[in-house]
Amino acid sequence: MHAARYDDVTEFVGEWGHFQKLIMLLICLSIVPNGLTSFSVVFLADTPPHHCLIPPNANISAEWRNYSIPLEEDDGEMRYSKCTRYKLDVIKRLSDNGSVPGIDVNVPEIEQESCQDGWEYDRDIYVSTIVSEWDLVCTDAWKVPITSSLYFFGVLTGCFISGQLSDRFGRKIILFATMAVQTLFAFFQTFSTSWLMFSALFFVVGMGETSNYLIAFVLGTEILSPSTRMVFSTVGVCISFSIGYMMIPLMAFFIRDWRMLLIAINVPGLFCFLLWRLIPESPRWLLSQGRVEEAEAILRGAAKMNGVTAPEVIFQPHQVENKMKSCKHYNICDLVQSVNIRWITSILSFVWVIVTIGYFALSLNTSNLHGDRFLNFFFSAAVEVPAYILSWPLFRSCPRRLCLSPMLVFGGAVLLVTRLIPRDLSSVCTALEMMGKFGVTLAFTIVYAYTPELYPTVLRNTAIGTCSTAARLGSIAAPYFVYLGTYYKSLPYILMGSLSVLGGLVSLLLPETYGMPLPETINHMQTIQRCKKTQTSSNLTSDSPVLENDTMIGLQ
């Protein structure tokens, strides 16, 4: 059934009744735990100030103990070296001889060694993080970005699997299954005895986290009426995520131990299981599977809740028969079956990768900004709220491409300008980075809402899962964009800014969906600009098969 026909048939339910309000609220509530989990690693795996440990039983004088760690320049300031100390046996011998550091001995000339007795961590900010618990510093510092990347690799795996599962078995059952994976395995993480165990469980948490976000997004898009769908996809979903996101620094400020923080972050997820009996299956999905009676039952319940009377027969017998005859299972291979859908999927995947790199790298970078890390993290989360609110009127009244492209270019340009600001104007740099985060977030919101409009119901969740899977390549790389800043502070901003501008230009190639009904089948999809020209040329030369084939080969 064509999308316009489906919307016409179900128009009796109403646009913004009790049913739509309840469904929007419930699905949005199920998304809040995703915001809590996504960037918790910023605090769970933050690196406190540290230096080599000098054992209490080293038997050296207090004076020599104060000189046992070399000083190094770090961001324009002299600090204790994080990874080296002066050779302890030499320091002990000089201390026993009564030598005075700086007078009898030129301390910087003493031979240095690695931190053979471990590290001493500053406890002013954290009681513990996974970094301080398992010494993920110096030669093991590479494990910190790997921790985030393994989580995002789990997200990639989950998106790839859950998209096809929800198209095959239904939105609702896979939504709650992925909720269970996310919440339960996050609790298991608190019992981790090693970094390897923590990271392996974090991978599984990632499999569930964004999967249920994407499925909830698709479920709400398919259940809600056209006008409500727009508010849900641009504001409702994103504000719910942002609420969880903004709660992280508040929890981390009061809970400084990583295990207790992890427990607190995942408690809200337990309450989401109470929503099972309240959230229905998608009638669109049921109809696409030929399960018409179940779809009608949900629509009748919605009409009753809204105080309207449903027609005696919602879907006419011939519509039901045609639907059941055309019932077919689709998979990821159908995303490349034609030139048009292949081009759309390729361009969208590329744009998703770029947006994801910018969004996640900027979010993970907050602990490296000047100032209070809890406030910086909160500002990074809070700046998303106006972006989400602005996305609604933009998405309601503007062509999709003209929303997405300028926001990507704006975000990228601001990030490039950030590196031109003098180092002593750190507050200006932070403000510009937040503006860049605003632009990238707005682009992320638009591409999330834009993507389901491009694909038909029979492939919508698989397509979104596939694009999100491709985007996870960007999220896996994002921690290393941040890590590059340890070698050259401007490099992450140069890379993120350039890629964002490029993504904004490429997104102009996508077809426009503004004012168009949601497609139900592949044949109802909008045509990409390049394919439109090809089809026009093919139609004009339909009497010449050779020319038509040549055109298609050129596109392939």
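## Cysteines, rings and a buried serine: worked exercises

Cysteine 467 is buried, with a relative accessible area of 0%; buried means under 20%, exposed over 50%, and partly exposed in between (1.4 Å probe, protein chains only).

Before you start: this is a predicted model, where local features need pLDDT of at least 70 and side-chain atom pairs count only at pLDDT 80 or more, while totals for chains, interfaces and linings use all residues. Residues are numbered from 1 along each chain as its sequence is written, and side-chain values use heavy atoms, with hydrogens and water left out.

**Exercise 1. Find the disulfides and work out how they are paired.**

Step 1. Look for cysteine sulfur atoms within 2.5 Å of each other, the cut-off for a disulfide. That gives two disulfides.

Step 2. Take cysteine 52 and cysteine 115, joined with an S to S distance of 1.7 Å. The angle about their S-S bond is -60 degrees, a left-handed link. Cysteine 52 is in strand 1 (residues 50–52), and cysteine 115 sits 63 residues away in the loop between strand 5 (112–114) and strand 6 (119–121). Strands here are DSSP runs of E with at least two residues, helices are runs of H or I with at least four, and both are numbered from the N terminus.

Step 3. Now cysteine 83 and cysteine 138, whose sulfur atoms are 2.0 Å apart. Their S-S torsion is about -100 degrees, so this disulfide is left-handed. Cysteine 83 is in the loop between strand 3 (77–80) and strand 4 (84–86), and cysteine 138 in the loop between helix 6 (130–134) and helix 7 (143–169), so the bond ties together parts 55 residues apart in sequence.

Step 4. Cysteine 52 is buried at 0%, and cysteine 115 is buried at 9%. Cysteine 83 is partly exposed at 31%, as is cysteine 138 at 22%.

Step 5. Number the bonded cysteines in sequence order and you get the pairing 1-3, 2-4.

**Exercise 2. Classify the ring pair of phenylalanine 198 and tryptophan 258.**

Step 1. Phenylalanine 198 and tryptophan 258 are 5.4 Å apart centre to centre with 85 degrees between the planes, which is edge-to-face.

**Exercise 3. Describe the surroundings of serine 500.**

Step 1. Locate serine 500: helix 21 (residues 491–506).

Step 2. At 2% relative accessibility, serine 500 is buried.

Step 3. Follow its side chain, which reaches the backbone oxygen of methionine 496 at 2.9 Å.

Step 4. List the contacts (heavy atoms within 4.5 Å). Setting aside neighbours within four places in sequence, serine 500 touches Ile354, Leu408, Val409, Gly412 and Val440.

Conventions:
A polar contact is a pair of N or O atoms within 3.5 Å; within protein, one must be able to donate a hydrogen and the other to accept it, and residues adjacent in sequence count only if both atoms are side-chain atoms. Rings of Phe, Tyr and Trp (its six-membered ring) pair if their centres lie within 6.5 Å; planes under 30 degrees apart count as stacked, over 60 as edge-to-face and the rest as tilted.
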